[in-house]
Amino acid sequence: VLSVVAQQILSILSAITAGKQRFDFEGTEIDLDPTCGIFVTMNPGYAGRSELPENLKALLRPMSMMTPDISLIIEIMLFSEGFTTAKVLAKKMTTLYAMCVQQLSKQDHYDYGLRSVRSVLNSAGALKRADPDNAEDVILLRSIRDMNVPKFVSQDMPLFNALASDLFPSTEVPAIDYGALQQAIEAELELAGLQKHPQTIRKAIETYESKLTRHGNMLVGSTLSGKSTAWQMLVRAMCRLRRENVEGFVAVKTFVINPKAIPYANLYGEYDLQTFEWTDGVLSKVMREQCADEKPDQKWLLLDGPVDTLWIESMNTVLDDNKMLTLINGERIAMPPQVSLLFEVMDLSVASPATVSRAGMVYVDETDLGYRPYVESWLQRRGEVSKEQATLLRELCGKCLSKALALRASQCRQPVPVPDL
């Protein structure tokens, strides 16, 4: 494909050099804009990408890029958001991110790059405008926590809290009362016959918070950790609050697609090479329809399935500030504010850093949930079980299950890894 692109670029550059107004391009005569420019951004180290061929490299002038001064960028952005102590806060934030890179565990979904920094600063700016009299270090620390805590695995939390308290001593972030939203989530959990576990409620709220600042978010976690329950309860809670006419909430429609259930061509669409007819893909069709719908209801496109470099790389222009899906037939589908993407994935081991940095992350850890909520919900559904029998079953599960799972983890070999739950 890249060799074909090289030939096309060569024909354009040759026509510009010759000063032509019209030229032959792939058998079709078209107008030429002599001021056109061709720019290629590349990072061939990513999985699923390849080096440029030599005949294409020869047509382009290379330009190397260097890592930006993040401290200076943070300082300027804080000043522009109205912070008066931007210099001190920029130093603290840069140090905190550097310490996180060095000391926290290495996870595929962790990102401390410029996009992550920007989302924190945009959130801090919004909080500053909403409450201009609040202490600036409290505002920044709250934004850092809101943007980063949802993605941390449980063992990294104590270390992150220690680093934050060292750099922001005597700065206490007040607990946020989610009031109506939390009550609605709890009511929906009860209605669904599920347990009001703090982990499920917290992850639903973190997903809501993440969606306020980013239009593309990922729920990351192993099977049965509660990812689907978190977003489903959030959707139901938001619809309930809309019915009750609570200000700030709108109804949500969801469209679930498994991107690995169909070939790549059926996901985004393809050309028939014989007839040159365009066949629409599932994702492009759903996205076009929902982006054209101007109703204020939120539309969430749920992509529930494993991430691989083939289909996720095509989403990069949708996840960044362009918010544009570009199809191979040249069509561009712009994503309005009421449409957003939510990915439900087990891990991001094959996703490139470009994809990870573009999406908001909410990590759902199965160890935080445990097996007890499943046992309670099971007993709750079995109406014929008496209270005495339920108590006995709980005691037996507590006595046997933990030991059995520990034994399996330490002494058994699994040909196919299976979650504890």
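User: Does Asp308 count as buried or exposed?
Analyst: At 16% relative accessibility, Asp308 is buried. Buried means under 20% relative accessible area, exposed over 50%, and partly exposed in between, using a 1.4 Å probe and protein chains only. This is a predicted model, in which local features need pLDDT of at least 70, side-chain atom pairs count only at pLDDT 80 or more, and totals for chains, interfaces and linings use all residues. Residues are numbered from 1 along each chain as its sequence is written, and side-chain values use heavy atoms, with hydrogens and water left out.

User: With which residue does Asp308 form a salt bridge?
Analyst: A salt bridge puts a side-chain nitrogen of Lys or Arg within 4 Å of a carboxyl oxygen of Asp or Glu. The partner of Asp308 is Lys260, with the closest N and O atoms 2.4 Å apart. Asp308 sits in the loop between strand 7 and helix 13, and Lys260 in the loop between strand 4 and helix 11, so the pair ties together parts 48 residues apart in sequence. Helices (H or I, at least four residues) and strands (E, at least two) are DSSP runs, numbered from the N terminus. Lys260 is partly exposed, at 43%.

User: How many salt bridges does the structure hold?
Analyst: The count is 18. One of them joins Glu289 to Lys285 at 2.6 Å. These two are four residues apart in helix 12, about one helical turn. Both ends are partly exposed: Glu289 at 43% and Lys285 at 42%. Arg288 and Asp280 also pair, at 2.5 Å from N to O. Arg22, Glu29 and Asp31 are linked in a network.

User: What surrounds Thr355?
Analyst: Thr355 belongs to helix 15. Thr355 is buried, with a relative accessible area of 0%. Contact means heavy atoms within 4.5 Å. Beyond neighbours within four places in sequence, Thr355 touches Met218, Ile312, Glu313, Asn316 and Leu319.

User: What lines the largest cavity?
Analyst: Rolling a probe the size of a water molecule over the atoms shows where empty space is left. A cavity is a set of points on a 1 Å grid where a 1.4 Å probe fits but cannot get out; lining residues have an atom within 4 Å of a point. The structure holds one cavity of 30 Å³ or more. The largest has a volume of about 180 Å³. Its lining has 18 residues, with Met147, Arg214, Ala359, Gly360 and Met361 nearest the centre. Elements supplying at least two lining residues each include helix 15 and strand 11. The lining divides into six nonpolar, eight polar and four charged residues.

Note on methods
1 Å grid on protein atoms, 1.4 Å probe; cavity = no way out; pocket = protein on both sides within 12 Å on 5 of 7 lines; lining within 4 Å. Points joined across faces, edges and corners; volume = space filled by probe spheres on them. Nonpolar A, V, L, I, M, F, W, Y, C, P; charged D, E, K, R; others polar.
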